[in-house]
Each structure stands twice: as C-alpha cells, then as structure tokens.
Amino acid sequence: MKEMILQGLAQAYDNLVHMIAIFVPRFAVMLIIVVVGWIVALALRYMFRAILHVTRLDRISEEAGASQVLRKAALPSISEVLSRLLFWVVWLGFMVLGVSMLGIPELHEQIARVFQLLPQIFIAFLILFFGVLASNFLSRAALLASVNAGHRSPRVWSGSIRFVILILAISMALEQIGLANQTVTSAFSIVFGAAMLALAIAFGLGGRHLARHALEQYFGNRKTEQEKGQEEPSPL
Amino acid sequence: MAVEAQPLWYKDAIIYQLHVRTFCDSNNDGIGDFTGLLQKLDYLQELGINTIWLLPFFPSPLRDDGYDIADYTSVHPNYGTLDEFRAFLTAAHERGIRIIIELVANHTSDQHPWFQEARSSTNNPKRDWYVWSDTDDKYKEVRIIFLDTELSNWAWDPVSKSYYWHRFFSHQPDLNWDNPAVFEAMWGVMQFWLDMGVDGFRLDAIPYLIEREGTNGENLPETHAILRELRRLLDKQYPGKMLLAEANQWPADVRAYFGDGDEFHMAFHFPLMPRMFMAVRLEDRKPIIEILEQTPQIPDSCQWCIFLRNHDELTLEMVTDVERDYMYDEYAKDKQMRINLGIRRRLAPMMENDRRRIELLTGMLMSMPGTPIIYYGDEIGMGDNVYLGDRNGVRTPMQWNGGWNAGFSGADPERLYSAVISNPVYGYAAINVESQRRTQHSLLAWMKQIIHVRDSTPIFSRGSIEFLRPSNHRVLAYVRCYENKQVLVVNNLSSTAQAVELDLQDYKGSIPIEMFGGNLFPRIGDASYLLTLAPYQFFWFRLRRI
Amino acid sequence: MVEEILLADDFVRQLMSVGEVDVLVGIPSFNNALTIANTVQAVEQSFQLGFARQRVVLVAVDGGSGDGTRDVVMNARTEKSSSGRGLTSLRTEQRVVTQYANAPSAGLALRTILAAADLLRAKACAVVSPATPNVTTAWITNLLEPVYRDKFDFVAPLYNRHKYDGLLSRNLLYPMSRSVFGQGIRELHPSELGFSGRLASHCLGQDVWNQGDIQDAPEIWMALTAISSDFKCCQAFLGTKERGTAGTAPDIVTAVRQNVGSLFWCLDADENFWMQRATPEAVPSFGPQSELTTEPMNLNRQRIYELFRSGVQDLGPILETILASDTMAEIRSVTAQSEEKCRFSGELWARTLFDFAASHHHAVLNRDHLIQALVPLYRGRIHSFLVEHQDSTAQQMEADTENLCVQFEKQKPYLVERWKAKA
C-alpha cells in the first residue's frame with residue numbers, strides 16, 4: 001500500500017514535471033511573440049502617424065469638425081487615435097498568436113471569438129464616428145441656414161436634425177455589432193415613427209391654428225413686404 | 001543684358017559663323033578686324049543670334065585660311081591685337097552674345113615654333129611633339145583628305161631628313177597626341193582663352209588625333225580617351241564652357257564623341273546637310289528621314305549642331321557615290337564649283353536666288369533637332385565667286401551697303417583681301433544689309449522674324465522629333481515635342497503646290513496655331529488633317545489644347 | 001496629363017474666321033432675351049464710334065438659355081450710330097455666339113471670354129452684363145479706352161448708385177481689399193469691367209479655374225490678381241447703375257457666400273503679396289470717384305436689427321470658435337443695446353472681418369459654414385450703417401467710407417498677427 005501511494009505520488013510528480021517541461025517553453029515562446037509584437041506594433045504606430053501627418057488628416061478633420069468631437073470626448077487628435085488603434089490591433093493580434101502557442105484550445109477558442117467580434121466593433125465605431133460628424137455638420141448647416149433666413153427657433157431645426165442622425169447612427173452601430181438587432185430596429189422604427197406621427201398630429205390638429213397663422217404670416221409678410229418695400233438693401 | 005549663367009546654354013544657342021577678316025575693316029587696310037567686328041555687334045544682336053563662332057584668327061602663314069596656326073595664344077596682326085579681341089569679347093558678352101573660337105588641335109603650321117624646334121634636330125625636346133618616320137610606309141590604311149592637292153599623308157622634311165605625318169596640307173604637320181607634353185601644351189592654350197572669357201571651342205579635325213598601324217587612323221579609342229580627359233579638366237576648372245566637335249563622320253561614328261556626356265557637348269551633324277539640299281532638289285523627303293532615323297540617341301546634355309553652309313565646301317564625303325553624282329549634277333554643273341569631295345558655293349546661288357527655297361531650307365534648319373548655325377552673309381542671300389581659289393569663293397567680304405567696297409572697308413578696292421561680289425544678281429549693289437533693313441519684307445527681315453519665332457519656345461532647341469509619313473512624299477512633316485507641348489512642322493519640298501493629309505490622331509482636340517501670324521487653324525478632329533501648301537511653303541503650328 | 005477641352009468646335013471655327021482683333025467685348029448671358037438686344041446694340045455702336053478702324057469682335061457666351069437668348073444675339077440689328085455723321089466701321093463687324101455649358105457658371109463664362117481674347121490676341125477687352133438694362137455706348141467706350149489708348153490692364157467701373165445700394169462693396173469688399181491689397185477698387189465684383197489681352201492671357205494661364213470658391217465671383221479674383229501681379233489698374237465712371245429685372249440680384253446670404261468666399265480665397269492665394277504690402281496706393285480714376293443718389297428708400301431696419309441679435313445669440317458657440325474673445329465680447333455688448341442705440345463701429349467691424357479671414361485661413365471649421373456665420377454680423381453692420389446715414393448727404397457718406405477704410409488699414413497688423421498665429 002505504501003508503495004502504491006509512493007508510486008502514485010511519483011507518477012503525479014512526474015506528470016507535473018512533464019507538464020511544466022512542456023508548458024514553460026511554450027510560455028517562453030508566447031512571451032517572446034508578445035514582446036516582438038509590441039515592438040512591431042510600436043514601430044507601425046509611429047510610421048502610420050508619420051504617414052497621416054503627411055496626408056494632413058488632422059487639418060481635414062479640423063475642418064470637418066471631427067477634431068472638436070474628439071476634443072469634447074477628451075480624445076487626442078485623429079491621427080493619434082488611429083495610430084493608437086493600429087498599435088492595439090497589431091499587438092493584440094500578436095498576443096492571440098502567442099496565446100495559441102500555449103496549446104490550450106479552449107482559451108484559444110474564446111480569444112478567437114472575441115477577435116471575430118473586433119472587426120464588427122471597429123466598423124460600428126466608424127459608423128458612430130461618421131454619424132457624429134454628419135450630425136455635427138448637417139445640424140450646423142441647418143442652424144446657419146435657418147438663422148440667416150430669419151426662421152423662428154433655428155435651434156429646434158438644428159437640434160432635430162442632430163437628434164435624428166445620431167439616433168440613426170447609434171442604431172446602425174448597434175446593428176453592426178449584432179446587439180439585440182431586432183429590438184433595436186423595432187425600437188428605432190417605433191420611436192421614429194411615433195415622433196413623426198406626433199409631429200403630424202400636433203401640427204395638423206393641435207397646431208392647426210398656429211399652422212394657419214404661420215402660413216398666413218409667411219405668405220402675408222411677403223405680400224406686405226412687397227407693398228412696404230424691400231426688406232434689406234441690395235448687397236451688390 | 002549680359003550673358004546669363006546657364007549650364008545647357010548651347011542647346012538654346014543660335015550660332016552665327018564668321019571669319020573676322022570678312023566682316024568689317026575698321027582701319028582701312030582692306031582686311032576685317034576685331035574693332036570692326038565690335039562695331040557690328042549691334043547688327044548681330046538685332047538679328048537675334050546669341051552666339052558667334054569665330055574662324056581662326058591666330059598668327060598664321062594663311063596657307064589654309066588660318067587653320068595652319070603659328071601661334072595659338074595671340075591674334076594675327078591683320079585682325080588686331082589681344083586687347084582689341086578682349087574689348088570685342090566684353091562687348092559681345094554685354095549684348096548677351098557668347099563667343100566660340102577655334103582650337104585646331106590636330107596640327108599646326110610648319111611655321112609654328114614648336115615644329116621649327118622639332119625639325120631642327122632629332123634630339124630636340126620637342127621632336128616628339130610631331131609624328132616622324134624614316135619611311136612613308138606606315139599607316140597605309142589611312143585615307144587622304146585633301147585629294148585635290150595631296151598625294152600622301154607623309155611629307156619629306158629636308159631639314160630633319162625624315163618624313164612627318166600630315167592629314168591635311170603638307171604644311172600642316174600633325175601633332176603627336178601620344179605625347180603628354182602635347183596634351184599639356186594644348187590644355188595650356190585652352191586655359192589661356194578660357195581665362196580671358198571665351199565660352200567654348202570648336203575643335204577642328206578631332207577624329208585624326210591619334211594614328212595606329214593597321215587602322216584607318218580615325219576615331220580611335222585613344223583619341224576618345226584624350227578628349228575625355230580634356231573635358232574632365234574643362235568641367236572641373238571652367239564649368240559652363242562648351243566643346244564642339246568637328247568630326248565629318250557618319251552619325252553612328254560621331255555618337256562616340258559624345259561619350260556618356262563626358263566628351264563633347266556638341267558635334268556637327270555633317271550627313272544631314274547635303275541631304276537637305278538633296279531632298280529639295282529631288283522633291284522627296286526620303287534622304288532627310290533616312291539620315292535622321294539612322295542618327296543615334298545622344299546623352300541628354302548633348303546636342304547636334306546643324307547647318308546649311310559654312311566656310312568649307314559643302315562636303316559630300318558622307319554620301320554614296322550615286323548621291324554625290326546627283327549633287328554635282330544638280331548643284332555644281334560647272335566643275336569650277338567642285339573641290340575635294342564637295343561643292344564650294346553659298347546657299348543663295350545654290351538655290352538659284354529663289355527666295356522661297358532659301359526660306360524653306362532655313363525653315364528646316366531652324367525647326368530640326370539641333371543647334372542651328374547661320375553662315376555669315378546667308379541672312380541677306382549673299383552670292384559666291386567660284387573662280388577664287390580653294391574655298392575663298394564663299395569667304396568674300398560682307399556686303400553692308402551699296403557704296404564703297406560694300407561698306408566693308410574704306411581701303412582701295414584693290415587692297416581688299418578679296419574682291420567684293422559685284423555681279424548684278426548677287427553683287428553688293430543688289431544684296432546688302434542696308435537695303436534689306438529698309439525693306440519690311442526683305443530676306444533679312446524674314447530671318448530676324450524666324451529667329452525670333454524659334455526663340456519663342458524651347459521646343460525647337462530641346463524637343464524630340466516624330467516624323468509623320470503622309471502619302472505625299474513631297475511633304476516633310478514632323479512633330480517636335482517638349483514637356484507636353486508640341487509644334488507641328490510641315491514643309492513642301494516641291495516646286496508646285498501640294499495638298500497633304502496628315503494623321504494627327506494623337507493630337508486630336510488640339511488647335512493648330514500658325515506661329516508666324518498667330519492665326520487659328522481648324523481643330524484637329526477624327527479625320528485626316530488636310531493642308532494645302534504653295535510651292536516650297538512651310539508651316540509651323542503650335543498645337544494648343546483649349 | 002491631357003488638358004481638358006474648354007472651347008467647343010463650333011466656337012473655335014468662329015474664332016478662326018475672326019482672326020486677330022484689337023478689341024473684344026464679351027457678354028456672358030443666361031435667359032437674357034429681354035435685355036440682351038440693347039446690350040448688343042450698345043456694344044456695336046461703341047465700336048462704330050470709338051473703334052471704327054480697329055478689328056473688333058463681340059463674343060456672346062451663353063450658359064444654356066432656354067428663352068432664345070442666343071438667337072436674339074445673332075439676329076439683333078444695330079442701327080448706325082446716332083451721332084448724325086453716319087459713322088460706321090471700316091471693317092466687317094464680327095459677332096460670335098457660343099454656348100459654353102448647359103448651366104450658367106460665372107467662372108466658366110469668364111474663362112471662355114478670356115480664352116477667346118487670348119486666342120484672338122485682343123489688345124483691349126471688356127465684359128458687359130446683359131442684365132444691366134441701361135448699358136450705353138459710353139459705358140463700353142469708357143471701359144475700353146483706358147486699356148486701348150492708355151495701356152491700363154484692368155478697368156473697374158464706378159457707378160452712380162443709391163446710397164443704400166452696393167453696401168457689401170462699400171462696407172466689406174472695398175475697405176478690406178484696399179487695406180489688405182493696397183489698392184482700393186470700389187466695385188470689386190463688377191458686372192462690367194475692362195482688361196487688356198495681357199491680363200487675359202495671364203489669368204487664363206492660372207491653375208485656379210477648378211476652384212469652387214471663385215466660380216461664382218471670378219471678377220474678384222481677377223481684380224485682385226491684377227493688383228498682386230503688378231498689372232496697371234484704374235477705375236472708370238460709367239453711369240447710373242440701375243437694378244436688373246426682379247429676382248436677378250442675389251439675396252444677402254448668397255451674396256456674402258459668393259463674394260466673401262472669393263475674397264478670402266484670394267487672401268490665401270496671395271498671402272505673400274499682401275503681407276509685404278505696406279502703403280496703399282491710389283487707383284487712378286477716369287470720371288468721378290462715386291456718385292450717390294439719396295432719395296428715400298423703404299427699409300425694414302427693425303428686422304435687420306432682430307436678425308443680427310438673434311443670429312449672434314443662436315450662433316454664439318460657432319462665433320466663439322471664429323472670433324477672438326474680446327471681439328466676441330464686444331459684439332455681445334452691441335447686441336445688448338436697443339435698436340436705436342445699437343452701433344457696430346467701423347473698428348469693431350474691421351476686427352471682426354479680420355478674425356473671420358484668419359479663421360478661414362486656419363480652417364477652424366468648414367469654410368462655407370464660417371462664411372455663412374458672418375451674415376448676422378454683416379446685418380449688424382448694415383443696421384448701424386443705415387442708422388448713421390439715414391440723413392447723410394453723399395459727401396458725408398463718402399467721408400465715412402474713407403474713415404472706414406482708414407480703420408481697416410490701421411487694423412491690418414492685427415490681421416497679420418492672427419494670420420500667422422497657430423490655430
């Protein structure tokens with residue numbers, strides 16, 4: 001009996017040593033790959049940033065209003081954001097490769113699943129980003145146009161446009177990730193449809209007097225102004 | 001306006017070739033001089049040329065019109081002094097005109113002190129400066145150039161009792177370029193003139209510098225090595241100066257003289273010139289296209305020099321026997337007009353004083369690839385005198401006006417170095433600068449205009465050439481192209497009116513703008529482009545996309 | 001790279017037939033059938049009166065009219081001049097008509113006229129608007145003669161106008177271009193102008209014709225190019241500037257976008273020139289500098305004031321990005337005043353415009369949005385102008401304009417400082 005126990009322990013000890021002997025080199029390889037990956041990712045980050053600097057992306061982004069969005073979100077400039085993103089993508093890729101060298105299939109599987117999701121997340125991020133840009137740009141354009149045209153409540157127009165585009169962008173981003181697709185789509189349709197219906201009812205029924213008054217005023221003003229004389233002097 | 005520093009200035013040059021003796025005599029000794037030439041610089045500036053090539057003006061016994069040089073670093077007293085030359089050089093530069101002078105590198109006069117020393121004794125330090133032999137058997141494969149006057153390339157020297165080598169006249173012994181001392185001496189000569197400010201050299205007779213047994217003594221590798229070394233020294237110590245090669249060879253052989261851009265900057269395109277005359281006579285473009293298609297590419301920094309006539313005979317060395325016979329029959333019926341292997345006539349008489357043909361040939365000269373050279377007097381259509389000896393018939397005094405000695409000199413007419421042309425057709429009363437200056441549509445006025453038009457674009461001096469081949473062989477048409485801009489040149493080589501249809505598909509959409517009048521021609525479309533040309537007429541069109 | 005083809009085959013053929021000319025007058029048109037015949041007649045009578053010996057051509061370039069404008073031009077008959085001397089040109093009168101595009105474009109129209117002038121090597125050229133109903137023979141002659149006889153390269157018009165017309169020029173384009181570029185051209189966006197063939201070739205050869213910013217107001221670019229490229233400029237008095245047919249004049253927003261956009265683009269393009277320019281030079285004038293009529297005009301000042309105030313309020317965050325903080329603070333204090341007391345001073349206006357110019361240069365936001373944000377402030381300035389000048393005489397208004405220009409000139413170092421500062 002004593003011998004069996006000793007034999008069992010010896011066996012277990014041997015197995016452990018064996019497992020360690022197999023695992024340690026793999027772990028070392030993983031570490032090397034991760035370190036090399038870090039160096040490569042860093043080099044690529046600097047190169048990419050230099051390239052973006054040459055293409056003057058920061059300047060274009062400033063003009064498009066994207067830089068302001070980033071600043072509000074306490075993010076650095078767009079070239080910095082993109083180059084850091086590249087760094088992480090590359091390094092994570094090397095990490096996955098390293099982890100795969102450990103030879104633990106379940107772990108590898110999980111990481112792979114996360115990685116499969118990464119492109120979708122990236123695209124969703126891009127959709128959101130451009131959606132924010134578009135909402136900024138178009139809402140500002142609407143604001144300027146309605147201010148200069150002398151419309152009442154120009155911020156309402158501008159805000160509405162921003163709201164609609166943002167909602168659209170968020171919905172598209174969530175759909176891209178595949179997060180509760182049906183729920184999001186339905187919710188968006190319901191909210192958007194309801195909002196439109198509410199506006200129609202409000203304007204058509206509840207605001208019909210106001211609507212009539214506004215229209216009368218608009219067309220009436222034009223006639224009155226024509227009778228009164230011009231509103232503004234000719235600029236040229 | 002001063003000469004501007006520009007490394008490739010020779011590509012944009014328009015060269016005027018003259019001998020100082022022929023141009024203007026300021027001291028009434030019957031011979032042109034540098035002071036007289038200086039007085040005529042305004043005329044040349046007004047003409048529009050920007051470079052003067054001076055034929056040899058060095059001390060010389062003048063048995064080969066100055067190409068037999070007795071002193072490389074001085075001025076023949078007939079033409080003035082070194083100071084007068086300097087004054088002329090300065091005045092030319094002030095007018096934006098560069099000066100190229102001759103460097104007769106292959107041989108000297110037998111009166112040159114170097115030869116006098118060399119022949120005096122076989123032990124003289126300069127003995128080896130020339131090529132000596134005890135017999136005249138060496139270098140049997142080498143041809144004789146001056147066939148009319150020389151029977152051999154060896155001449156017996158009674159002083160040193162041995163033979164000396166001469167590729168030209170017997171009084172022009174060849175220098176021995178195998179001797180480094182000769183190289184040093186000639187480089188010293190070049191430095192003398194370069195330090196004074198001359199802008200370049202035309203190196204005379206350079207294929208013949210070196211001779212070797214068993215060869216034809218022309219274009220040998222050792223010759224090229226010498227020339228490369230000269231060029232290297234020039235570039236190092238005198239950047240921006242130019243070397244022009246006189247190598248009467250086939251284009252493929254002349255190509256070697258450009259090296260890889262490390263030998264000559266420019267070289268004459270001898271074979272093109274007789275073919276231009278031939279094409280006009282044949283009323284067929286074939287000779288011109290053939291020779292230009294045989295012409296190899298040259299390095300970007302190099303340039304061909306093209307010309308119609310010069311101080312020598314119109315050489316027919318680089319043509320076939322059939323072509324030579326044709327040229328003699330058409331242009332030199334009178335045997336008096338022939339010398340060596342060529343024709344000793346000027347442009348206007350060869351064109352039978354036909355203004356249209358003179359303009360056509362000049363138009364081709366100005367529009368073909370290369371730097372053009374105008375021989376003095378051709379801008380007013382001067383005539384020649386084939387009854388003067390050697391090639392002196394094309395070296396008569398410049399005709400300035402219809403007065404005393406054609407305005408060339410105040411000396412007695414009998415004292416002139418050469419009689420002025422005086423027949424009713426080409427004589428100075430009929431053909432002179434002053435009359436043509438007063439006439440709005442004279443040949444001189446036209447020459448100024450064509451030089452001005454050529455100068456208005458770098459396409460002619462720097463551009464490539466693409467031949468069009470319309471079915472009408474009497475029309476020579478080509479497109480010059482440079483930096484995405486094109487000029488279409490169309491020449492009617494025929495004495496009768498011609499119609500021609502050109503395939504200009506590659507330039508579809510462009511509007512041809514005639515360059516002399518500036519008028520628009522129909523835009524190039526899908527169909528062949530139809531042009532009609534009067535006898536000997538030519539067009540230059542700028543192709544503009546707008 | 002193959003260059004685009006600008007001129008239609010038919011147009012080239014017509015130009016070919018005309019050949020070299022001494023004088024060329026271009027008329028850019030779009031749906032001007034009602035008024036263009038008068039313009040054609042005025043041009044051709046000016047040829048008869050002033051250029052009887054010269055080679056002349058009228059070039060009408062049309063942007064795709066649907067009302068038969070081109071036919072009207074071709075068929076317009078010109079009576080012999082009314083001078084009684086039976087003057088007529090010695091040469092064939094040339095009239096060329098082309099359609100340059102299917103939709104009107106000021107930039108493309110001008111470019112086509114410049115191309116014609118260049119190809120025909122015209123010495124003196126003019127452009128005349130067919131929308132100006134009262135163009136006379138004298139107008140054409142006054143534009144051409146300074147070029148043809150006195151060798152000027154650019155002739156800008158001067159008009160007799162109502163004191164409240166052309167306020168964009170008077171308050172913005174003129175003082176700003178004068179102070180920055182050093183030469184004061186009153187009508188920087190003229191519908192009539194004269195120029196030399198030399199200037200035409202120069203402008204045609206510039207690589208700007210695809211720039212959207214100058215397409216709608218290419219005359220501004222041409223005038224400022226003439227100044228910055230050292231061409232000789234002058235002004236010539238033409239006459240009373242009558243308004244065109246209703247609906248043809250651009251509204252204020254469009255006018256600001258087009259003109260200020262073009263002006264600011266030129267500031268960017270010619271920065272090396274105007275930064276070095278210290279002292280302004282007078283521009284020679286033929287005829288009176290300006291004439292103003294002062295009959296009463298019905299304007300809704302209250303509305304302009306309200307648009308100014310509400311505009312500043314609603315666009316506050318945007319304006320804060322563009323303007324310096326002290327400029328913005330001062331503008332806010334102006335909006336806090338009542339309508340009668342609200343004054344947008346010349347000095348503040350100069351600083352405002354220079355802030356906008358510098359911010360445009362640094363592209364702090366989309367450039368078109370930036371220019372649109374100027375409109376409420378321009379209204380504020382106009383409001384002040386209307387208040388100050390409701391009883392002014394023409395001389396008083398001229399003096400005020402001169403003062404405004406001086407204000408701008410004093411503020412030029414401020415512009416340079418803001419321009420060079422990092423965004």
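Predicted model: local features only at pLDDT ≥ 70, side-chain atom pairs only at ≥ 80, totals over all residues.
**Entry 1: strand E18 of chain B**

I found that the side chains of E18(B) alternate. Next I looked up the partner of the strand. E18(B) runs antiparallel to strand E20 (residues 529–533) of chain B, and five bridges join the two. At one position of this pairing, Gln498(B) stands opposite Leu533(B).

**Entry 2: the five-stranded sheet of chain B**

I then traced an open sheet in chain B, where five strands follow the order E15-E16-E17-E21-E19 with antiparallel pairing. Strand E15 (464–468) and strand E19 (511–514) stand at its edges with a single partner strand each, so one side of each has no neighbour in the sheet. From one strand to the next, the twist averages 30°.

**Entry 3: strands E4, E5 and E6 of chain B**

Strand E6 (residues 162–165) of chain B turned up in two pairings. With strand E4 (residues 132–133) it pairs in the antiparallel sense over two bridges, and Trp132(B) has Tyr164(B) as its bridge partner there. With strand E5 (residues 154–157) the pairing is also antiparallel, over four bridges. Asp157(B) stands opposite Ser162(B) in E6(B).

I looked at the backbone too. Most residues other than glycine have a negative phi, so exceptions deserve a note. The hairpin of E5(B) and E6(B) has four residues between the strands, and Lys161(B) takes a positive phi near 55° in it. Tyr139(B), in the loop between E4 and E5 of chain B, has a positive phi of about 55° although it is not a glycine. I count Tyr139(B) as partly exposed because it has 19 C-beta neighbours inside 10 Å.

**Entry 4: a loop residue in chain C**

Where is Asp230(C) found? I located Asp230(C) in the loop between helix H9 (218–228) and strand E7 (233–240) of chain C. Its phi is positive, at about 70°, although Asp230(C) is not a glycine. With 9 other C-beta atoms within 10 Å, Asp230(C) is exposed.

**Entry 5: Asp25 of chain B**

Is Asp25(B) buried or exposed? It sits in the loop between helix H1 (20–23) and helix H2 (34–39) of chain B. Asp25(B) has 29 C-beta neighbours inside 10 Å, so it counts as buried. Leaving out residues up to four places away in sequence, I listed what Asp25(B) touches, including Gly30(B), Asp33(B), Phe408(B) and Ala411(B). I also took the separation to Arg98(B), 73 residues along the chain: the C-alpha atoms are 22 Å apart.

**Entry 6: chain C as a whole**

Chain C holds 19 helices and nine strands. Its radius of gyration is 22 Å, close to the 22 Å that the globule rule gives for 423 residues, so chain C is as compact as a globular protein of that length. I noted a C-alpha trace spanning about 65 × 55 × 40 Å along its principal axes. Of the 423 residues, 52% count as buried. Among contacts in chain C with a separation of 6 or more, 88% come from residues 24 or more positions apart.

**Entry 7: chains and cores**

Which of the two pairs of chains in contact share the most contacts? That is chains A and C. Chains A and B do not touch, and 28 Å separates their nearest C-alpha atoms. Between chains C and B, 14 residues of chain C are in contact with ten residues of chain B. Helix H1 (9–18) and helix H4 (106–119) of chain C each supply at least two residues to that side, and H1(C) gives the most, with five residues. By class, that side of chain C has eight nonpolar, one polar and five charged residues.

Last, I looked up the largest nonpolar core, which has 304 residues. Those with the most contacts inside it are Leu244(B), Ala267(B) and Leu24(C). Apart from it lies another core of six residues, among them Ala124(A) and Leu174(A).

Note on methods
Residues numbered from 1 in each chain as written. Chains lettered and ligands numbered in written order. Rg over C-alpha atoms; globule rule 2.2 N^0.38 Å. Buried ≥ 20, exposed ≤ 12 C-beta atoms within 10 Å, placed from the backbone. Contact = placed C-beta atoms within 7 Å. Nonpolar A, V, L, I, M, F, W, Y, C, P; charged D, E, K, R; others polar. Core = buried A, V, L, I, M, F, W, Y, C linked by C-beta atoms within 7 Å. Pairing = 2+ DSSP bridges. Axes fitted to C-alpha atoms, helices over the stretch in contact; angles between N-to-C directions.
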